[in-house]
Each structure stands twice: as C-alpha cells, then as structure tokens.
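Subject: Structure handover

Hello,

Here is the structure I promised you. Please open it first, then read my notes beside it.

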Amino acid sequence: MNNYLLYEIGVEEMPARFVESTLVQLKENLEKSLNEKRVKFDAIDTYATPRRLVLIVKGLADKQTDLEEEVKGPSKKIAVAEDGSFTKAALGFMRGKGLEEEDVYFKDLDGSEYIFATIKEEGISTEEVLSEILPEIVKNVVFPKSMRWGGKNMRFVRPIRWLVAMMNDKIVPVNLEGIIASNKTVGHRFLGSKNIEFNSIEEYLKKLEENYVILDQNERKELILKQINDVAKSINGHVDMDEELLEEVTYIVEYPTAFYGEFDKEYLELPKEVVKTPMKAHQRYFPVLDDKGDLLPYFIAVRNGNEHKIENVKKGNEKVLEARLADALFFFKEDTIHDLEYFRDKLNSVVFQEKLGTILDKSERLYRIAKQLEDKYELDNAKLERAAYLCKADLVTNMVFEFDELQGYMGMEYSKLKGEDEIVAKAIFEHYLPRFNGDIVPDTMEGSILSIIDKIDTIAGFFAIGITPTGSADPFALRRQCLGILTILLKNNIELDVAELAGIALDQYTELEFNREEVIDNIVDFFNERTKNMFKDMGIRYDVIDAVLSSKEKNILDLYTRAEAINKWIDRESLTDMLVAFNRVSTLAEKAVIDSVDEALFEDETEKVLYEEFLIADKEIESLMSQKEYTKSLDRFATLKTSIDGFFDSVMVMDENEKIRNNRLALLDNIYNSMLQICDLSKIVYK
C-alpha cells in the first residue's frame, strides 16, 4: 500500500478560469474509477500550472480486491422446465455471467425459490487497471467550451501535448488517442528544458523546480502574494487586493516574478473604477493604494518568468496600460459633454429581446413598476422614480461600450457630475447588485427596490414568452436574477410577496399574449426551487423547507423567519406523537367536500370538545401569527393533540351517514387549514 501514481497531463496554456474546475473533475473521475475497479488508495492530491494538470495518488494497493458476489437469477418456476431441465431464461442468465450448470443453486426468497450463483473474480494488478482508466478520466472531463485537434475524436479545453504516467518507478502503459505516456515532462516554456526525464516522483518535483516550474498552486499563490506586497511597500503603497484576480494570476504563471509599473498622474482624475478596471479586468494588474485608500500612479504585474530584462517587460506593460487609460480619458470627456437624459433617448436603438422590446421599453417598465411599489416601503418616491428613469442610460455611453464591466458604476458617476441626488446616483449603481454569488447587496432601500424591479421584469418577460431555464441551460441568467432578488430580500429584511410582484411585472407587458395566472404560478414555482436551495445552504432541514413552502405565505422573508423558528421547534422529544396525530388530520382533510361545520350533527362529546378547543386555538394562533410569533403559534397548535387523539379514538370519521361523515371531514379540514397558516406539519419527517 506504499505505491504511488504520478499522472501529468501536459497541455497548451489553459484559460485560468477552467483550471480549478478541471482539477476537481479529474480527481472525482479518478476516485470514482478506482472505487468501481476495487483498487484501494489513501489520498489523491492535485496540482496545476497553465501547462499541466497533475494527479498524485498515495497509498495505492498492489492489485484489485478479489471479488466474491452472490447474484440472483430468475425464479425456479421460470428457470426449470417440467422435465427438470434448465429453460432458455436460466441458460441465458448463466451465459451472461459466464457460469456452468454446476455453478448455480436455488435459494428460498420470501417464500419462492430463485436461481443463485456465487461469482468469484481474482483481482488484477493495479497497473493494468490504471492503464485502462487513466485515458477515460481525461475524456470524461466536461468544459463549457472545448476543442478538437490533430484529427482526434476526443475534446479538451486545450490540445494535450504530453502525458506522464508512473506507478512508483515504472511507466504505466497509457494510450490517450495516440498520446503515449512516458517518464518525460517539460519545464518552463522559455526558461526550462523541453525534455526532462526522471525515474521517481522526488526526481520529478526536483527537476521541475530546477526548470522554473513551481508545481504547487498554493505555493505559487503565497509567493505571488508576498512579492506583490513587498513591491507595494517599496513604492510606499499597499495592494488593492482582489482574491479572484490573485487566483487567476496564480493559474497563468509557472514561475512568478512581480514588478511595478507607472502611469501618468492625470489619469487619477478619472473615477477610481475607470482606472482600476483596465488594470484588473484587461491586463491582470494589481492597483496600488495609499494609506487613505486613494489610487497611486502605479500598478503591480506578475511576470511568468524571472527578472531577466525585467525593465523591458515593465516598459511594455506601461505602454499597454497607457493606451487603455488614454482611451478611457477620451471616452470620459466625450460622455460628460451630455447628461444621462441625452443617453436615455438613445436606448431605443438597443434591443433587449426581440419580443420584449428595446432597453428603452424596459426602462419605461421599470419606471411604471416603481410607481406601483413605492407606497409599500419607506423610501423617497421621487428619488426611486428618478433612478428608475435613468438607470439604463449609461449602457449607450462610450465608456460602458468599451468597458462593459462599468455599467451602473458609470451611471452613478455621470449622474453625480450632472448634479443628480446622491441617493439617485447610488441606486443607479446598486440596481445591478448583486452581480454574482457572494457580491455586495444594495445599501439603500431605493437601490434595493430598483434592483428587485429590474430583475423581476426580466424574469417575468422571459417566462411570459416561454423562455425558461431548462436543466443546466440558462442563457439569460434567470436563476442568477432570482437568487439576486432572494439575497436582497433576506439581507435587507424586505417583505415582498413574489406572486404579487410577478403580477405587477407581467401587467407591463400589454402587447404580449399569455395566461397571466399560469405564468405567475410558474414564476412562484421557480422562486420556490431557488428558495429551497438557499434555505438548505443556510442550514434549514429539507422537510422544514417543504413544510414552510406548503403554507399559504408567499413572502420570502417571512418564510425564512418561520423556517428558522420551525427548524428549532421540531427538536423535541414529543414531536413524533404530535406529528402522527396531525398527519392523520391532513390525510383525511384532503377528502373534505364542504368547509362549514354544523354543530347539530355532532354525535359524540369528543367532536364537540375538539371543535370548541379548535375555535379558541384558531383565534389565538391568528393573533400570534400577526405578531410573527411562530414558535408560540406552533406550541398553541400542538395543544390540540390531546383532543385530536380523543376524537380519533371515539369516532369513525368515514361514517356511513354522508352528512355526519362530511361534517367530521370539514372539522378536520378546518384544523388543517389553521395549521397551514404556520406550515404543513405533515411534510415533517419523523422517526
């Protein structure tokens, strides 16, 4: 069990954004294959540079675990003919398992006899298994975008140029569509050897380092972090740290060397993000800040190589950034000649979606929705309306056309320059938030509501024309829009009924034909699915989520509040007995055909007692629910258990007399509907 496997897949430089996910898939594929092939191992470590993906398996067994498995065939009635011979069904079973007649036997199973056999298979060597599975784990990696090359049938994110496959000091015979594994790798593209031979993993790691390849991505990351911080200190600044940028740079270099460059101070007059965006998004530079958080006229870049002629590299990077910043300054000056209303008029030339109109049409819808929502929240109505009116205008500015990452931000900056109110300006920026998972959410109520309006307009429009996410396909990012709304509601404590909001949004699409109620139901279901996932990530039990979503409430914030309360409430010893009683109520309540209870039809005292106690409890529960006292509501509802048990013990609900039967079912239906004010307790799983 002290064996190891070294598997290196050498590729043309991979896009940094694909590296981590590819490593994860390769590791999962290998783990699955080894387990399926009964090869034991201790651990799999993964490493990557732009040109190589490496798997190191530790503690590999010498061979597969021997297999001994009992398999079941057809029943004896089917397997044996009247004359005692085996039928075609039995012979087919034996043939499929590679068995002879003397290998099978009969066993009783639940009162019937079946044909059985014990299959024994001696494990083959791990080397043979690896030779079979190593090509497949590469072929089974999936990419958003992939390519074919050299007439090969397989696809990968970039062409594969070499393979290394070694178990201990021996090459594993691996053939990946003509790419033959060896014990040879390559060093750094410019600084290292193109033919590095080795005979052990220790020699492999040593020779890579000698050839300017730092294999461990975590080691590279720490080295980059130290270098850029040291460089920043040398120019009396500190790095404007961006973890995503750091991760990306880690995967675009094999041997990092950080250096700084300079740019003209006149560009510091531009808004901060206008300077930072070309640096980070386009050039992968780290901005440098002073102690006050203001930009300094420097940037820090990381070279894939050593310090040889670093001054030339510095000058080249400065020229590239200078050109981008000069463009940005020109665009800024051109844009600020006009105000946002000038640009808003041009939105009519930009199509939002063929059936949903232009961006100007969308802007008009946002304005109308804002006017309908403003009285529901504590905010400045005039400022919300103004922000809704202007929020899309920056999309046709020169700056956003060139740097689309700045949408919203430039609208904020331009509006402030033209004297718009601070809250209006901020809401224009915030209406795009959150832009991705983990992004910031709006600070202002105006920005929060405008963001929700923008996202629900998109969702409603696409659902109305029948374009909805399917499986993994979501080309218009509707799931992200939905999660954005949910995140804002929960983090900013905003109460909102999804069905009502969807209806308001759909009412703006007056020129479309669709079934309004059906589309609203589809949107609510869509939100419920996203809500389930979000609540689950927050630690809410899946059955509690189902119970809460089955209630009549559609207010997401309220649903989460009660889900949290119920998640704690169900942790009690008496829960099982309680749920058994309420499940009987819910099961029978479904059979109710009337909803009114006639006390004159009560035949047993327990009916009268249960009904009187229910009426008192129902009023108290309604009062507690209005105060959002969900735990107390559940406690009060639970007090009905004794009367419910007494009722079921004393009467036959499904009485032969139709009137008595319907009256008892109506009583249970009333109790069930009272429960649904809180949640559907029948969804709770009990042991």
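Let's begin with the aromatic rings. The count comes to 20 aromatic pairs. One of them joins Tyr212 and Tyr255: the ring centres lie 5.1 Å apart and the planes stand at 80°, so this pair is edge-to-face. The cut-off for that label is an angle over 60 degrees. In general, two numbers describe such a pair: the distance of the centres and the angle of the planes.

Where do Tyr212 and Tyr255 lie? Tyr212 is in the loop between α5 (201–210) and α6 (217–234), and Tyr255 is in the loop between α7 (243–250) and β14 (256–262). The pair therefore ties together parts that are 43 residues apart in sequence.

Keep in mind that this is a predicted model.

Next, the charged pairs. Side chains of opposite charge can pair when their charged atoms come close. The count here is 49 salt bridges. Among them is the one between Glu247 and Lys221, whose closest N and O atoms are 3.1 Å apart. Glu247 sits in helix α7 and Lys221 in helix α6, so this bridge ties together parts that are 26 residues apart in sequence.

Now step back to the whole chain. How is the protein divided? The domains are:

- domain 1, residues 3–63 + 125–211
- domain 2, residues 68–121
- domain 3, residues 217–337
- domain 4, residues 345–516
- domain 5, residues 559–683

Look at domain 1 and domain 3 together. Their C-alpha centres are 34 Å apart. Domain 1 gives 15 residues to the contact, and domain 3 gives 12 residues. Between them the two domains bury about 1,000 Å², with 52% of that on carbon and sulfur atoms. Which residues of domain 1 lose the most area to domain 3? They are Ala16, Pro50 and His188, which together make up 43% of what that side buries.

There are polar links too. Domain 1 and domain 3 share 7 residue pairs in polar contact. On the side of domain 1 that touches domain 3, α1 (16–36) and β2 (43–49) are the elements that give two or more residues. By class, that side has 7 nonpolar, 4 polar and 4 charged residues.

How many salt bridges cross the interface of domain 1 and domain 3? The rule finds 1. Also take a look at Glu254 and Arg52. Their side chains meet in a salt bridge, at 3.1 Å from N to O.

Best wishes

Methods: Residues numbered from 1 in each chain as written. Predicted model: local features only at pLDDT ≥ 70, side-chain atom pairs only at ≥ 80, totals over all residues. Heavy atoms only, no water. Domains from an automatic or database assignment. Contact = heavy atoms within 4.5 Å. Buried area = accessible area lost by both parts, 1.4 Å probe. Salt bridge = Lys/Arg side-chain N within 4 Å of Asp/Glu carboxyl O. Polar contact = N/O pair within 3.5 Å; in protein donor to acceptor, adjacent residues only side chain to side chain. Helix = DSSP H or I, 4+ residues; strand = E, 2+ residues; numbered from the N terminus. Nonpolar A, V, L, I, M, F, W, Y, C, P; charged D, E, K, R; others polar. Phe/Tyr/Trp six-rings, centres within 6.5 Å; stacked < 30°, edge-to-face > 60°.
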